[in-house]
Amino acid sequence: MTRVAIVDDHGLFRAGVRAELEGHVELVGEAESVDAAIALVAEQRPDVVLLDVHMPEGGGVAVIRGAADRAPGTLFLALSASDAAEDVIATIRAGARGYVTKNIATDELLDAIARVQAGDAVFSPRLAGFVLDAFAGPAPAPEDPELDQLTAREREVLRHIARGYLYKEVALRLGISAKTVEAHVSAVLRKLQLSNRHELSRWAAERRLD
């Protein structure tokens, strides 16, 4: 059977996926954070990783980049609540072989896992168009190296912070928890080597991100 790992920061969701997949694939482990996911992939070398896109500390993109060299035979299939074009494109550019949304039916998910392992690229309906458009021509060179190092979700949070929204307000608008917003802001501060939210707001305003 196909050896599968589940990476998602929501325990109830992991439990639901595990219950649906048991008996159909060999589940070799679960992880709820980027670091734990990289360690899991490096140790277990699963055939396919079902990967959440939005997690603190860089999300699915960080997992792919951190684990690819340690487990070159492992393939990544994004399993996300987001169907935003920027999330799909960023995840595929990082190296994922497919991207499906969390409302996928069990039989369709099993088929997607099998197809990814067989070498196919798999996408939920309408998401394939995002990838075709993005890869139709050469990727544009980054205009701002500092901004380019941020993930799509971190940029989204940053835009709301630049507009003056509080963490709770950002969380409500993006459908995530306030703690997740705080984690994203902390990651951005670290990457940009800034000290506080006021410096971050000024940095964003200078780039007209608001």
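User: Hey, what do the buried residues of H3 pack against?
Analyst: They pack against helix H2 (34–44), strand S3 (48–51), strand S4 (75–80) and H4. Keep in mind that this is a predicted model.

User: OK, and which residues of H3 are the buried ones?
Analyst: Gly59, Gly60, Val61, Val63, Ile64 and Ala67.

User: Let's take the H4 side. At what angle do the axes of H3 and H4 cross?
Analyst: Helix H3 spans residues 59–67 and helix H4 spans residues 85–94, and their axes cross at roughly 5 degrees. The two axes come within 9 Å.

User: Are H3 and H4 parallel or perpendicular, then?
Analyst: Roughly parallel. The cut-off for that is an angle under 35 degrees, so H3 and H4 qualify as roughly parallel to each other.

User: Which residues meet there?
Analyst: From H3 you have Val61, Ile64 and Arg65, and on the H4 side they meet Ala90, Thr91 and Ala94. By class, the residues of this contact of H3 with H4 are four nonpolar, one polar and one charged.

User: Now the other neighbour. How do H2 and H3 cross?
Analyst: Their axes cross at roughly 35 degrees and come within 9 Å. As H2 passes H3, the crossing is right-handed.

User: Which residues of H2 and H3 meet?
Analyst: H2 brings Val34, Ala37, Ile38 and Val41, while H3 brings Gly59, Ala62, Val63, Gly66 and Ala67. That contact of H2 with H3 has seven nonpolar and two polar residues, and no charged ones.

User: Switching topic: what's the mean pLDDT of the protein?
Analyst: The mean is 86, with 90% of the residues reaching 70 or more.

User: Where is confidence lowest, and where is it highest?
Analyst: Helix H6 (residues 127–134) is where confidence is lowest, with a mean of 66. Strand S1 (residues 3–7) is where it is highest, at 97.

User: Let's look at Leu21. Where does Leu21 lie?
Analyst: In helix H1, which covers residues 11–21.

User: Is Leu21 buried or exposed?
Analyst: Buried: the relative accessible area of Leu21 is 0%, and under 20% counts as buried.

User: What is Leu21 in contact with, apart from its neighbours in sequence?
Analyst: Leaving out neighbours within four places, Leu21 is in contact with Leu27, Leu50, Leu109, Leu110 and Ile113.

User: And Val116, where is that found?
Analyst: Val116 is found in helix H5, residues 106–117. Val116 is buried too, at a relative accessible area of 0%.

User: What does Val116 touch?
Analyst: Not counting residues up to four places away in sequence, Val116 touches Val48, Leu75, Leu77, Arg97 and Val122.

User: Onto the loops. Where is Ala81?
Analyst: Ala81 is in the loop between S4 and H4. With a relative accessible area of 65%, Ala81 is exposed.

User: What's the phi of Arg45?
Analyst: It's near 50 degrees, a positive value in a residue other than glycine. For context, most residues other than glycine have a negative phi. Arg45 sits in the loop between H2 and S3, and at 47% relative accessibility Arg45 counts as partly exposed.

User: And the phi of Gln193, what is that?
Analyst: Near 60 degrees, again a positive value in a residue other than glycine. You'll find Gln193 in the loop between helix H10 (178–192) and helix H11 (197–206). Gln193 counts as exposed, at 72% relative accessibility.

User: Since you mention H10, at what angle do H8 and H10 pack?
Analyst: Helix H8 (residues 152–162) packs with H10 at about 100 degrees, with the axes 10 Å apart. H8 and H10 are therefore roughly perpendicular to each other.

User: Last one: which residues in H8 and H10 meet?
Analyst: Arg153, Glu154, Val157 and Ile161 in H8 meet Val181, His184, Val185, Ala187, Val188 and Lys191 in H10. The classes in this contact of H8 with H10 are six nonpolar, one polar and three charged.

How values were computed: Residues are numbered from 1 along each chain as its sequence is written. This is a predicted model: local features need pLDDT of at least 70, side-chain atom pairs count only at pLDDT 80 or more; totals for chains, interfaces and linings use all residues. Side-chain values use heavy atoms; hydrogens and water are left out. Axes are lines fitted to C-alpha atoms, for helices over the stretch in contact, and angles run from 0 to 180 degrees between N-to-C directions. Helices (H or I, at least four residues) and strands (E, at least two) are DSSP runs, numbered from the N terminus. Angles under 35 degrees count as roughly parallel, over 145 as roughly antiparallel, 65 to 115 as roughly perpendicular and the rest as oblique. Contact means heavy atoms within 4.5 Å. Ala, Val, Leu, Ile, Met, Phe, Trp, Tyr, Cys and Pro count as nonpolar, Asp, Glu, Lys and Arg as charged, and the others, Gly among them, as polar. Buried means under 20% relative accessible area, exposed over 50%, partly exposed in between (1.4 Å probe, protein chains only). A crossing is left-handed if the near helix is turned anticlockwise from the far one by less than a right angle, and right-handed if clockwise. pLDDT is the predictor's confidence in each residue, from 0 to 100.
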